[in-house]
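Hi,

Here's the structure I promised to pass on. Have a look, and then read on for what turned up around the aromatic rings.

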Amino acid sequence: MSAQGHASIMVPVLQKNISATSVMLDRAETLLHDHYAGKDYWDSRRSMVFAKHLRLIGDDFRAKYLNSTDHGDQTVYNEDWTRMKAKLGTAKGGPYLGVHLRRKDFIWGHREDVPSLKGAVKNIRSLMKKHKLDKVFVATDADEEEVKEMKRWLPEMVRFEASKEDLELFKDGGVAIIDQWICAHARFFVGTSVSTFSFRIHEEREILGFNPKATYNRLCGDAEKECEQPTHWKIVY
């Protein structure tokens, strides 16, 4: 099945009109919570914890390549999600910049909001200088040639590259979670506008206790004269 809109539109369909024992919702992430960011939303989101074996791989990578540990970063994790109640601003994060750079269909689908590779590197270097960070972890769906090009311009760039065996075991989805987990622990994070991948990192950083100003940030498109950041948005009721 395919659906778009609020999650509640699927409730009567699934409760009354379906006799099947299994239902596959195509792109179910597009179903919006009826009361986004409310208590019920966050209770549900907090319960959706990343698999432990994937978190451990991410933790090992952080310690080995990014000088990042839960104790030093003040991001101590509780296996019981009901006890994860870190206050915003208490997390310090590892000494690196976390970046999610979306490419592929976003290049043409969101061309005004997504920077070119050179533009992204310019963004990244500016943030590294501003926050006095000499390492940057990049999660991206860029192809191999684009990654090599970025690496030439940004030799400080660090990426998680799964072995062939790990890729067969965890699949692309598992590797994506490892990327998200590493980004979630960065001292400062910048993502891609309107990307659900970046949204999940934002939420995970809130759960870990990061300051919103170090979390809700986006890479700027090359042609944007004024690059408005989500951190600076004001909610008007």
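A quick definition to start: rings of Phe, Tyr and Trp (its six-membered ring) pair if their centres lie within 6.5 Å, with planes under 30 degrees apart counted as stacked, over 60 as edge-to-face and the rest as tilted. By that rule, F61, Y65, F137 and F160 are joined into a cluster by ring pairs.

This is a predicted model, with local features needing pLDDT of at least 70 and side-chain atom pairs counting only at pLDDT 80 or more, while totals for chains, interfaces and linings use all residues. Residues are numbered from 1 along each chain as its sequence is written, and side-chain values use heavy atoms, leaving out hydrogens and water.

The structure has six aromatic pairs. One of them is edge-to-face because the rings of F50 and W181 have centres 6.0 Å apart and planes at 80 degrees. This pair bridges 131 residues, from F50 in the loop between α2 (39-47) and α3 (52-65) to W181 in helix α8 (residues 164-184). Helices here are DSSP runs of H or I, at least four residues, and strands are runs of E, at least two, numbered from the N terminus.

W181 is buried at 1% relative accessibility, and F50 is buried too at 11% (buried means under 20% relative accessible area, exposed over 50%, partly exposed in between; 1.4 Å probe, protein chains only).

F61 is in helix α3 and F160 in the loop between β5 (157-158) and α8, so the pair ties together parts 99 residues apart in sequence. Both residues, F61 and F160, are buried.

Cheers
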